[in-house]
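Let's take a walk through this structure, one piece at a time.

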Amino acid sequence: MRLNDFSRDFDKLDNEEIYANIHNTPWYHDAVYELFSEAEFERRRSLMRRAMAERGYDCLIVPGGQSNWSQGAGMTWLSGLIDTRGMAQFVVLAREGEPLLVYGMGGSHAEVVRRTVSVKDVWAASRGRFADRIVEWIQERGLERGRIGILECISGSPPEFPPQAQVGALEAGLPDATIEFAPGLFHELAYLKSDEEIEAIAKAGVLAVLALKALIARAAPGVTEHALAAAATRVILAGGGRPDFIRVGSTSGASPAIVSANPIPSCRKLGTGDLILAEVSAGFMGVTAQVGNPVCVGNVAPALRKFWNEAAQPGFSELESLLKPGVSLESIRRAGSFYRERGCQCAPLLLHGLDIAASSPWVYVERWQSEPYEERLKSGMIVVLKPNAIAPDGGWGMRVSRTYAITEQGHQRLTDYPLELTATSHA
Amino acid sequence: MPHQFEQVKDSLDNIEHFEQVIGTPWYRDAIYERFSDAEHQRRYRLLRAKMAERGIDCVIASGSGSNWSFGAGMSWLSGLTLHEGLAQYVIVPREGEPTLICADGGATAEAIRQAAVVSDVRPSRGGRFGDVIAERLIELGLEAGRIGILEATARNTGDAMPYNHYQTLLERFPKATFEILSRLFHELLYIKGAEEIAAIEKAGAVLDLGFEAMLQAARPGATERDVMAATAEAIIAEGGEVEFVIVGATSTGAPAMPFGNIRPSGRVLQQGDVLVNELAAGAMGYTAQMGNPVCVGEPAPAVRRFWDEVVLPGWNLLASYMRPGVRLEEIQQAGRFYRERGCQGRPLVLHGMDMITAHPRIGADKIVAADFERVLKPGMTHMLEPDAITADGMLGLFVGRTFVINEGGGYSVCKTPVELFVV
């Protein structure tokens, strides 16, 4: 495989092989992107290489996203590539030297990518054969008999690895290598954020809150749920971000029948007095932040107001007060009993971490699940607090969510939307 | 095992109860456009006929996102258009009810039950997809069966499911045979039914609205992102889905862009710029694509000349071939127009559309197609997308429309005329 230099091949672009591997073009020279600093990417690569040395890996193959609960994972973290087209997009990192990025598309698409990532060696996967270039790259470095780790596309238990065809092609192309899966490594490196990362998450948080406000501003009788999602999408995209998810559900305030936002916003039209549950996760520079809040269209039904005042709001505040270094996940779990003590209930999940998207630790009403190193909150962790108070009859509820950086002093709310039962002025 | 809401409605903080709850009143008044039951039965019949031909007892179809996938077999068989991962599966036995396996349980699974046409919806129990699939296969008595797995993409990469899900199946069913069903999905889908074409027409109508929003947003001082955002908002507000909004701006005085930008940037639009774009929107899981350059103010004379002498006549020539009976080679031959005019183009001239981009593919120097699709036929849907590029490689003015081939000829599902728009 070889790359084709634009200065030589600029007049042969209708040749598929030439076009797919063209580089050094002037195209997109004036595109403008926010990127992490090279120092930040170097910090991440150094962390990864230290872990490789400790665990005896010669090379790591790091896949991307999208997959469930993933927004690019280690691939985005190491390269800066924001493209959730598929799990089969890979950064390959040896103990020394420049990393490799294998992207799904060539030609002009790959040239855009080269302007948005920290990796200099970007190759297009010919017709989806990602493994071909990876195998060749590993052989060029004399690592074909080495110990090679494949990271997961999502952290968690169980993790999720790249597609079977890609792994099979790697195994076939590197018969003398020791190929192993290396789950958990990415989370261990990413769970404590740098100052640059926290700044980027704060920007994602600003976008998420602006998107929520746009959604609320659009909410009026006769407007559909997906029109609300559209308004939120516009704000995030115009601000340089990417929607991770925008969940919007609505129900009659007089006889409500949803417990949390709808992951598939529907054509249902809003009516006066409706309860809207909305959750927005906005991505920016390869990190995300989440916010969610209940909204009433005009009038607030008395039962909703009472539930907010007596359960949803005070429960959230109680949990929020625990967000400071040294607090154990068990303490947060126990605080989740607030809802039962008030005579109602709560969906199981109270809090989760945030690598790029939702990740460990997970705190539920009944138990918590984490790696040993994150059983207590620490400065530099990012968490999403998202208790979902549910009425005693189980028929409806209100999820409230905010994203926080744990700081030396306590916490910083990164999605700073007021803790209120919002009522729109439209009725 | 599932828990009826009436039994667990007061213990929803129990993980097991919440994750496996069914029969709730939640999302009962959500409204989704759906294909008819008859249409879904048609799809199952088509698939099962192929299963019978090949001796397959059961098919597993995964979803998206994966490269070049937009739900793929999972969306086609279940009606679910939730693009959250490759690992969302529909299991279709030769006889009996299909099963949809989604990532999350609880409220999310209940929302999916409202949106999808499959009634047996099972959560993955925190990502244990392989185990949940295995349980269904055991229920079906297929421990030693022949199981087909549909590819997730139209590019024959063989990608079908995460490696560990596949390994779980191999380990749990040593007597079963697992087979990746390459190209089968395309074979089932390359000729569309009337309801499928209606959905693609709707996607085209949504694209027209998105393009109109683009025209409104394309003003000096706006960024590429602003234009993308306005376009996406218009598509989603009408109930459509955004597959992609590719848009990039370059000066017509000193251009440097052969195709739109897949990641629209913060570049500020200026008078004399041209926005090169390609849009793809979905309706009910089916997408249509279009692209048309938009000038911000009058373009440089050379760009106007390029449009008048090369781009537009080249397009008109190629569009005249969008009718039944035309061989793909004839379209490829017509694509040489650009070279004959002293210019060039991106390699790709036309591709098929299943739910998204699919075969056939006509390039300047290569055609990739199955035997059954080498001649245009009624019911096919194709994206004609020549991207004329100047001889120096510095500017491409992409034009594209999604065509339905019918008995009478062919028509674009977008009504936006092909012209050099100046705003």
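Start with an open sheet of four strands in chain A, where the order is β9-β10-β11-β21 and the pairing is mixed. Strands here are DSSP runs of E with at least two residues, helices are runs of H or I with at least four, and both are numbered from the N terminus; two strands pair if DSSP finds at least two bridges between them. This is a predicted model, in which local features need pLDDT of at least 70, side-chain atom pairs count only at pLDDT 80 or more, and totals for chains, interfaces and linings use all residues. Residues are numbered from 1 along each chain as its sequence is written, chains are lettered from A and ligands numbered from 1 in the order in which they are written, and side-chain values use heavy atoms, leaving out hydrogens and water.

At the edges of the sheet stand β9 (242–251) and β21 (422–423) of chain A, and each has a single partner strand, so one side of each has no neighbour in the sheet. β21(A) pairs with β11(A) in the parallel sense, over two bridges. Look for Cys296(A) there: its bridge partner in β21(A) is Ala423(A).

Now for the helices. Helix α9 (residues 195–218) of chain A lies across β9, β10, β11 and β21 of chain A, at about 25 degrees to β11(A). Helix α10 (residues 225–238) of chain A also packs on the sheet, touching β9 and β10 of chain A, and its direction makes about 155 degrees with that of β9(A). Contact means heavy atoms within 4.5 Å; axes are lines fitted to C-alpha atoms, for helices over the stretch in contact, and angles run from 0 to 180 degrees between N-to-C directions.

How do the two chains meet? In chain A, 94 residues are in contact with 91 residues of chain B. The area buried between them (the accessible area, with a 1.4 Å probe, that two parts lose on being put together, summed over both) is about 7,600 Å², and carbon and sulfur atoms give 55% of it. On the chain A side, Asp14(A), Gln164(A) and Ile264(A) lose the most area to chain B, together 9% of what that side buries.

Finally, check some backbone details. Ser360(A) and Pro361(A) are joined by a cis peptide bond, with omega about 0 degrees, and Pro361(A) lies in strand β14 (residues 358–364) of chain A. In chain B, the peptide bond from His359(B) to Pro360(B) is cis, with omega near 0 degrees.
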